[in-house]
Amino acid sequence: MRMHRRFLESLGLTFPQYLVIVELLEKSPGPVGKIGAKLCLDTGTTTPLLKRMEQSELITKRCDLKDERRVLVELTPAGKALQASVWAV
């Protein structure tokens, strides 16, 4: 994490936010539960992390139309615009 910090600070991202963006660049939209599991984050960490990213307009959250119990997370245009910079890290 320390190695990435200086690169991520210029993007305005924390290391966990960076990992979420990388995950969503590979598969979007993604269910909150699977994102947390893939990144080894518990619900108490995942929920506030995604809330901050939503407030920063990097992601959007919506209910899954097939199963309203699931919440899907998707990158916004602003989140997608970070793709080249994120891959460069």
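This is a predicted model: local features need pLDDT of at least 70, side-chain atom pairs count only at pLDDT 80 or more; totals for chains, interfaces and linings use all residues.
Residues are numbered from 1 along each chain as its sequence is written, and side-chain values use heavy atoms, with hydrogens and water left out.

Let's start with Gln17, which sits in helix α2, residues 15-26. Helices here are DSSP runs of H or I with at least four residues, strands are runs of E with at least two, and both are numbered from the N terminus. Gln17 counts as buried, at 7% relative accessibility. (Buried means under 20% relative accessible area, exposed means over 50%, and partly exposed lies in between, using a 1.4 Å probe and protein chains only.) Set aside residues up to four places away in sequence, and Gln17 touches Gly12, Leu49, Arg52 and Met53. Contact means heavy atoms within 4.5 Å.

Next, hop over to Ile59, in strand β2, which covers residues 59-63. Ile59 is buried too, with a relative accessibility of 1%. Beyond its neighbours within four places in sequence, Ile59 has contacts that include Leu24, Leu50, Met53 and Val73. As for Gly33, 26 residues away along the chain, its C-alpha atom is 15 Å from that of Ile59.

Finally, the cysteines. Cys40 is exposed, at 70% relative accessible area, whereas Cys63 is partly exposed, at 43%. How many disulfides does a search of the whole structure find? It finds 0, a disulfide being a pair of cysteine sulfur atoms within 2.5 Å.
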